[in-house]
Amino acid sequence: MGIQGLAKLLADIAPTGMKENDIKNYFGRKVAIDASMSLYQFLIAVRSDGSQLTNESGEVTSHLMGMFYRTIRMIENGIKPVYVFDGKPPQMKSGELAKRNERRQEAQKELEKAEEAGDAENVDKFTRRLVRVTKEHSDDCKKLLKFMGVPYVEAPCEAEAQCAELVKSGKVYATGTEDMDALTFGTSVLLRHLTFSEAKKMPIKEYHLTNILSETGLSQDEFIDLGILLGCDYCDSIKGIGPKRAIDLIQQHRSIEEVIKHIDSNKYTPPENWLYKEARELFKNPDVTPGDQIELKWEEPDEDGLIKYMTEEKGFNEDRIRSGIKKLTKARHGSTQGRLDSFFKVLPSNTPNKRKIEDAKGAKNKKAKIGGKFKKPK
C-alpha cells in the first residue's frame with residue numbers, strides 16, 4: 001500500500017519535487033528495484049486470454065517473461081538494475097497483512113459470483129485482485145537474474161527500506177517502486193512506472209526528496225509523521241483527517257504529539273493504543289543490511305544456463321530466448337556515449353577554481369564548433 005494519497009498530495013503542494021522523464025535519460029544510472037512490486041506487475045500484466053501464462057506443466061511463467069524482457073529493455077537503455085527482494089515482514093505489518101487477506105477472501109467470493117453469472121469483465125477484475133507474489137515466484141526470478149548477470153539483494157525486512165539504504169549509501173542512484181513509502185524510508189530519488197513505462201506508453205515519474213522537503217517546509221522527521229497521518233502499512237491513522245488536513249496540521253504543529261494536543265479529540269479520535277511512535281521508529285531505523293556491506297556486480301550473462309533454464313525447465317521458445325540473449329549481450333557491450341556529468345564536474349563560482357570552470361566551458365565551446373558532439377575522453 002505504501003502511503004495513502006501521498007502522490008496526489010505532493011502533486012498539489014510540492015510540484016517541483018516531481019518531474020516526468022523518459023527511460024533513455026537514465027543511461028548510466030544504477031537503480032535499486034523493488035522486486036516484489038515488479039513481480040506483481042508482471043503477474044497482472046503478462047497474460048493470455050485473461051489468464052496468466054503457463055508452460056505445458058501448468059506452471060505460471062508470466063513473472064519470468066516480464067522479468068526477462070523488461071530487464072533487457074532497461075539494460076538496452078543503459079540502466080544497471082539491481083533487484084531487491086522482500087525479507088520477513090515486520091511484526092507491525094501484521095494488521096495490514098490481515099486486511100489484505102480479508103480483501104482477498106472477499107475478492108474470491110465476488111469471483112465465484114462473476115463466474116456463475118458468466119460476467120467475463122468481473123471475472124478478470126477479481127482474478128487480478130487475487131494475484132499474489134509467492135516465494136516460488138521470487139526464487140524463479142532470482143535464478144533467472146543470476147543467469148542474466150544482474151545482481152539482486154535479499155533484504156532482511158522491507159524491500160523499499162533496503163532500496164533506500166542503497167541510495168543513501170551511494171550504491172545506486174534511485175529506488176524504482178510504486179510504493180511512496182520509499183520516500184519516508186529516506187530514498188533521495190524515487191522512480192515510479194520504471195518497469196512498465198514503455199509497455200504502457202507513459203513517462204517515468206521522478207520524485208526528489210530534497211525538493212519535496214524544501215517546498216513543503218518539512219524536515220525528514222516531520223515528513224515521516226505526515227506519512228503516518230496519511231496512512232501507512234504499520235499502524236492505523238486518525239479517521240476523518242484527509243491529506244489536505246494532514247499536511248496543514250503537520251506544517252502548523254510539526255509533530256504527531258503536538259497534533260494530538262491541538263485537534264478536537266471528539267471529532268478526530270486517535271486510534272486506541274496508537275503505535276505511531278513505533279511506526280516512526282521503523283521508518284527512521286528500518287531493519288536493513290548496511291550499504292557498505294553489499295557488493296553489486298553486473299556480470300556477463302550465462303548463455304547456456306539461460307537457455308537451459310528458460311527453455312528446458314520453464315518451456316519458453318528457444319529462438320525467442322536466444323534473441324533476448326543477443327539483445328542483452330549487445331546492450332552490455334554497446335558503445336553508447338556516457339553521461340555528460342561523468343565527464344565534467346561543475347564547481348561553485350565562489351571558489352578559487354573559477355578558472356577551471358572557464359577552461360571547461362572553453363573546451364565545450366571549441367568542441368561545439370567542431371561538430372557539436374562531445375567525445376568520450378581517453
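A residue is called buried when its relative accessible area is under 20%, and exposed when that area is over 50%. The legends below apply these words to a predicted model.

**View 1. Glu178 in the loop between β7 and α8.**
Glu178 sits in the loop that joins β7 (174-176) to α8 (181-184). Its relative accessible area is 15%, so Glu178 counts as buried. The side chain of Glu178 comes to 2.8 Å from the backbone nitrogen of His193. Apart from neighbours within four places in sequence, the residues in contact with Glu178 are Met37, Gln41, Arg192, His193, Leu194 and Phe196.

**View 2. The largest nonpolar core.**
This core has 43 residues, and those touching the most other members are Leu10, Leu183, Phe223, Leu226 and Ile228. Several helices supply at least two residues each, among them α1 (6-13), α7 (159-168), α9 (209-216), α11 (243-253) and α13 (276-284). The largest share comes from α10, with six residues. For Leu226, contacts beyond four places in sequence are made with Leu9, Leu218, Ala246, Ile247 and Ile250.

Helix α15 covers residues 318-333, which makes 16 residues. From its first C-alpha to its last, α15 reaches 23 Å, close to the 22 Å expected at 1.5 Å a residue. Which residues of α15 are buried? They are Ile321, Gly324, Ile325 and Leu328. Seen down the helix axis, the buried residues of α15 fall within an arc of 100°, so they line one face of the helix. An α-helix has 3.6 residues a turn, so residues three or four places apart point the same way. The face of α15 turned away from the buried side carries Asp319, Lys326, Lys330 and His333, which are exposed. The cover over the buried residues of α15 includes α3 (62-76), α6 (135-148) and α14 (303-313). At the start of α15, a side-chain oxygen of Asn317 reaches to within 3.0 Å of the backbone nitrogen of Asp319.

**View 3. Helix α6 and what it packs against.**
With 14 residues, α6 reaches 20 Å from its first C-alpha to its last, close to the 20 Å expected at 1.5 Å a residue. Its buried residues are His137, Ser138, Asp140, Cys141, Lys142, Leu144, Leu145, Phe147 and Met148. What do the buried residues of α6 pack against? They pack against the helices α2 (35-45), α3, α14 and α15, and against the strands β5 (80-85) and β6 (152-154). Just after α6 comes Gly149, with a positive phi of about 80°.

Arg254 is not a glycine, yet its phi is positive, at about 75°. Arg254 belongs to the loop between α11 and α12. Its relative accessibility is 31%, so Arg254 counts as partly exposed. Asn273 is not a glycine either, and has a positive phi of about 50°. The loop that holds Asn273 lies between α12 and α13. Is Asn273 buried or exposed? Its relative accessible area is 67%, so Asn273 is exposed.

Ala14 is found in the loop between α1 and β1 (18-21). With a relative accessibility of 2%, Ala14 counts as buried. Ala14 and Gly217 are 203 residues apart along the chain, and their C-alpha atoms are separated by 9.9 Å. Beyond four places in sequence, Ala14 is in contact with Ile212, Glu215 and Thr216.

**View 4. Confidence along the chain.**
The mean pLDDT of the protein chain is 84, and 81% of its residues reach 70 or more. Where does pLDDT stay under 50? One such stretch is residues 335-361, for which the model has 21 contacts beyond four places in sequence. Another is residues 363-378, with 10 contacts beyond four places in sequence.

Definitions and conventions:
Residues are numbered from 1 along each chain as its sequence is written. Side-chain values use heavy atoms; hydrogens and water are left out. Helices (H or I, at least four residues) and strands (E, at least two) are DSSP runs, numbered from the N terminus. Buried means under 20% relative accessible area, exposed over 50%, partly exposed in between (1.4 Å probe, protein chains only). A polar contact is a pair of N or O atoms within 3.5 Å; within protein, one must be able to donate a hydrogen and the other to accept it, and residues adjacent in sequence count only if both atoms are side-chain atoms. Contact means heavy atoms within 4.5 Å. pLDDT is the predictor's confidence in each residue, from 0 to 100. A nonpolar core is a set of buried Ala, Val, Leu, Ile, Met, Phe, Trp, Tyr and Cys residues joined through side-chain atoms within 4.5 Å. The expected span of a helix is 1.5 Å times one less than its number of residues. The arc is that of the directions from the helix axis to the C-beta atoms.
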